[in-house]
Amino acid sequence: RDLHSFPTRRSSDLDILEWPGNGDVSKGQTKNLAPYVDVNHDGMYNAHDGDYPAFNFSGIPDCSGNYLLGDQTLWMIYNDMGNTHTETRGLPFGLEIQAQAFAYKSLGDINNMTFYQYKITNRSANVYHQVYLGQWADFDLGWYNDDYTQCDVKRGMGIGLNGTLVDGTGGPGTYGKHPPAIGVDFLGGPKASGPSDGK
């Protein structure tokens with residue numbers, strides 16, 4: 001559709017117009033950031049040229065990180081260099097993380113799931129070996145003070161559940177009777193970018 005034809009820009013139009021496809025190379029950013037389809041192949045994201053965020057419309061699963069997934073997606077980029085590490089007191093690695101949080105609209109169980117995909121790039125001059133990755137999951141199911149965590153070894157899943165039959169007092173901010181549970185699982189591990197990365 002022609003973005004110029006709307007008298008007022010709706011939020012969905014701004015999402016396309018302001019899509020962060022272009023990096024600022026003068027600030028050390030890569031030329032291309034968020035994935036997009038470059039319709040005229042000029043190497044720059046410009047919605048007025050017909051460029052658009054690169055959703056995978058092929059119907060063929062592609063988890064390469066070069067496409068956006070889901071019926072609704074949030075794409076973000078961050079690093080570990082921008083502030084003090086108050087929790088670990090550790091030194092930054094110099095990593096850039098490109099992430100997308102996405103979900104599908106479905107009649108089945110997948111409708112109650114959210115998915116997260118990360119593309120991690122080492123922007124430092126350091127070479128790291130034997131790196132471990134983890135996922136921070138701080139789930140509060142209604143009233144936080146009666147929650148428990150478990151591990152399902154067979155499924156390889158972390159589980160958060162309510163420790164009592166009634167969550168909290170049943171008042172505002174709590175689930176009351178029949179509280180839900182949550183599971184966290186890794187559907188795929190990290191992939192090296194090339195043979196030189198080793199194992």
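## Salt bridges

In this predicted model, a search of the whole structure finds two salt bridges. In one of them, the side chains of Arg 123 and Glu 96 meet at 3.1 Å, N to O. This pair links distant parts of the chain: Arg 123 lies in the loop between β5 (115–122) and β6 (147–152), whereas Glu 96 belongs to strand β4 (residues 95–103), 27 residues apart. Arg 123 counts as partly exposed, at 44% relative accessibility, while Glu 96 is buried, with a relative accessible area of 12%.

The side chains of Asp 152 and Arg 155 also meet in a salt bridge, at 2.7 Å, N to O. Is Asp 152 buried or exposed? Asp 152 counts as buried because its relative accessibility is 18%, and the limit for a buried residue is under 20%. Arg 155 is exposed, with a relative accessible area of 59%. As a general point, side chains of opposite charge can pair when their charged atoms come close.

## The open sheet

Three strands form an open sheet in the order β3-β4-β5, with antiparallel pairing. Strands β3 (72–79) and β5 stand at the edges, each with a single partner strand, so one side of each is left without a neighbour in the sheet. On average, neighbouring strands of this sheet are turned by 15 degrees against each other, direction ignored.

Strands β3 and β4 run antiparallel and are joined by eight bridges. Gln 72 has Ala 103 in β4 as its bridge partner.

## The nonpolar core

The largest nonpolar core has eight residues in all: Trp 19, Leu 33, Ala 34, Tyr 36, Tyr 45, Ala 47, Leu 68 and Trp 75. In soluble globular proteins, nonpolar side chains tend to be buried together.

Leaving aside neighbours within four places in sequence, Tyr 45 is in contact with several residues, including Trp 19, Tyr 36, Ile 16 and Pro 53.

## Aromatic pairs

The whole structure contains six aromatic pairs. The rings of Phe 93 and Tyr 128 form an edge-to-face pair because their planes stand at 75 degrees, with the centres 5.2 Å apart. Phe 93 lies in the loop between β3 and β4 and Tyr 128 in the loop between β5 and β6, so the pair ties together parts that are 35 residues apart in sequence. Phe 93 is partly exposed at 44%, and Tyr 128 is partly exposed at 28%.

Phe 102 and Phe 115 form a stacked pair, 5.5 Å centre to centre, with 20 degrees between the planes. Phe 102 is in strand β4 and Phe 115 in strand β5, 13 residues apart. Both Phe 102 and Phe 115 are buried. Ring pairs link Phe 102, Tyr 104 and Phe 115 into a cluster.

Definitions and conventions: Residues numbered from 1 in each chain as written. Predicted model: local features only at pLDDT ≥ 70, side-chain atom pairs only at ≥ 80, totals over all residues. Heavy atoms only, no water. Salt bridge = Lys/Arg side-chain N within 4 Å of Asp/Glu carboxyl O. Helix = DSSP H or I, 4+ residues; strand = E, 2+ residues; numbered from the N terminus. Buried < 20%, exposed > 50% of the residue type's maximum accessible area, 1.4 Å probe, protein only. Pairing = 2+ DSSP bridges. Axes fitted to C-alpha atoms, helices over the stretch in contact; angles between N-to-C directions. Core = buried A, V, L, I, M, F, W, Y, C linked by side-chain atoms within 4.5 Å. Contact = heavy atoms within 4.5 Å. Phe/Tyr/Trp six-rings, centres within 6.5 Å; stacked < 30°, edge-to-face > 60°.
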